[in-house]
Amino acid sequence: MSTGAPLRPSQGPPLEQGRVPVPAARPPAVRRMLPARWRARARLAPWWAAVAGIWVLSRLVTTTLVLILARVQGANPWTGASPGYFDFANIWDARWYNIVATSGYPAVLPITSSGHVGENAWAFLPGYPAVVRVVMFLSGAPWAPAAVIVSLAFSLGAALLFYRVMLRVQGRGTALFAVVLFCVAPLAPILQFGYAESMYLFFLTLALLLLLERRYVLLFPVIAVMAFTRPSGLAFALALGFHVVHRWLTRRSDPFPVPERILAASVTAFSALSGFAWPLIAWIATGSATAYTETELAWRSSYIGYQELVPFTAWFQGGVWWLGQPLGIVVVLVLVVGFAAALFAPAVRRLGVDLRFWLAAYGLYLFAVFFPQSSTFRLLMPMFPLLGAIAQPKRLSYRIAIVVLCILGQWGWLLICWGVDGADWTPP
C-alpha cells in the first residue's frame, strides 16, 4: 500500500506533472563562448555546486547595488545618512520583526485617535524572528547581522530546492537558468534583508517539491512552519484541494489509492486550519476576535481609510484609488483575465498541473484579501515558479537580455521601494 512516498518511474504520474526529462543540450553559441576546460569542469560539477555558484555571483551583484544606494541614502526614521549594509538591510518592516524578536506581541491593541486599531506587531508572524533570535543567542550577534545571515542562508536553501523543483518539469539547462532568474529577479535584494521572505520561500519551495513527489506525510511539519512565517496556509490548502480533485478525476490513468486519498485530504485540511491559527492566537492573546484582520487593515487605511475586510473587493478599491472610475475597474478586470489566460499559455502548461494549481490558488488568495500598492511586488514573490516558464527559450541573446532586465529591475525596485525619500509612501 502506498504511504505517499516518491513514485518509481514505472508507476509515476503522467509525463506533464512528474517526469524527469533528459537534460537539454547547451546552446551552440554558449559552447563556443566557453573554453573546453571550463565545459568539462561544468559537466563534472555536482548540481548543488552550480546552483551555489549562481547564488554567490548574484549576491555579489545585489550587494553592490545595495551598497551604492546606501551610500547616497539620507537620514531616515531608521538610520542616519549613508548607513552601513546591516543597518540599511533592516529598515521598513525589518524593524517590526526586530520588535517581535525582542519584545513579543502586545496584549492590548493600540487604538488611534479615530478609534481604530493602529499598526502593531500582530501583522508579523513569529517564525522568522524566532529563528533570528536563536541565531542571536548562539552567536552573540545583534539583530541586524543575525537577520541578514538568516535570510542569506534561507535564500541559498531556496535556490537549491528551486532547482530540484524545476528539474521535475524542465531539462537541466532550463532548470539552472530558472535558478539564475530566481537569484537576480527584481526583488532579489529582499532575500538578503531582515524580512521573512527568504525563509518563507525556502519552506514554500520545499512544500512544492514534496507535493510534486506526493510525499504527503512530510508536508505536515513544512506547512506548519510555513504558515507561521508568512500568511500562506489558506492559499496552499486551496492548491492542495485542486491537487486532490485532479488526482480523483484522473485516478484511472494515475491510480489514487485510498491511503493516499486519506493523507492528501488530511494535509489539505491541516493547511486550512494552519491558515486560521494565527488570527485565532491573536484573538486569544488580545481578547479581540478581529485583532489580526483589523491590524492588517490599519496598513491600507492611509490609502482608502478604515473599511471592513470584504473578500474580492480590495483590488477594485485599489484600482479606483489609483486610476479612478471606470479605468481602475477595467484595469483590474484586464489583469484578472490576463493572469487566468497566462496559466494556459504553452510555456506555463509545461510546468505541470501542480505548480499551476499553486499559481492559481495563490493568485486567487491575493485577489481575495490584499490591497494593491507598492508592497504588492513583494507579495507576488511566491509566484516564482513562473520563472520556469520565462527560462524556457534557449537563445543566448534572450537569456542575456532577461538577466540584464532583472538586474535593472533590482535597481529600480531599490530606488522606488527600499530607499527612503522624506515622507516615503512606497513601502517594500
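Trp92 counts as buried, at 9% relative accessibility, where buried means under 20% relative accessible area, exposed over 50% and partly exposed in between, taken with a 1.4 Å probe and protein chains only. Trp92 lies in the loop between helix 5 (85-88) and helix 6 (94-103), and its phi is positive, about 55°, although it is not a glycine. Most residues other than glycine have a negative phi, and most peptide bonds are trans.

Please keep in mind that this is a predicted model, in which local features need pLDDT of at least 70, side-chain atom pairs count only at pLDDT 80 or more, and totals for chains, interfaces and linings use all residues. Residues are numbered from 1 along each chain as its sequence is written, and side-chain values use heavy atoms, with hydrogens and water left out.

Two other loops are worth a visit. Phe312, in the loop between helix 14 (291-304) and helix 15, has a positive phi of about 70° although it is not a glycine. Phe312 is partly exposed, with a relative accessible area of 37%. In the loop between helix 15 (314-323) and helix 16 (327-342) sits Pro326, and a cis peptide bond with omega of about -5° joins Gln325 and Pro326.

Now for the whole chain. It has 21 helices and zero strands; helices (H or I, at least four residues) and strands (E, at least two) are DSSP runs, numbered from the N terminus. Of the 428 residues in the chain, 48% are buried. Among contacts (heavy atoms within 4.5 Å) between residues at least 6 apart in sequence, 73% join residues at least 24 apart.

Here are two helix pairs side by side. Axes are lines fitted to C-alpha atoms, for helices over the stretch in contact, and angles run from 0 to 180 degrees between N-to-C directions.

| Helix pair | Packing angle | Axis separation |
|---|---|---|
| Helix 4 (47-72) and helix 9 (172-184) | about 25° | 9 Å |
| Helix 11 (216-227) and helix 12 (233-249) | about 155° | 10 Å |

Helix 11 packs against helix 12 at an angle of about 155°, which makes helix 11 roughly antiparallel to helix 12. Angles under 35 degrees count as roughly parallel, over 145 as roughly antiparallel, 65 to 115 as roughly perpendicular and the rest as oblique. Tyr216, Leu219, Ile223, Met226 and Ala227 of helix 11 meet Gly233, Phe236, Leu240, His243 and Arg247 of helix 12. By class, these contact residues are seven nonpolar, two polar and one charged; Ala, Val, Leu, Ile, Met, Phe, Trp, Tyr, Cys and Pro count as nonpolar, Asp, Glu, Lys and Arg as charged, and the others, Gly among them, as polar.

Helix 12 has several buried residues, among them Phe236, Leu240 and His243. Their cover includes helix 10 (197-213), helix 11, helix 13 (258-286) and helix 18 (353-369).

Helix 4 and helix 9 are roughly parallel to each other, and helix 4 passes helix 9 in a right-handed crossing. A crossing is right-handed if the near helix is turned clockwise from the far one by less than a right angle, and left-handed if anticlockwise. Among the contact residues are Ile54 and Trp55 of helix 4 and Leu176 and Val180 of helix 9. This contact has nine nonpolar, one polar and two charged residues.

Finally, helix 8 (residues 143-167) is mostly covered, with 19 of its 25 residues buried.
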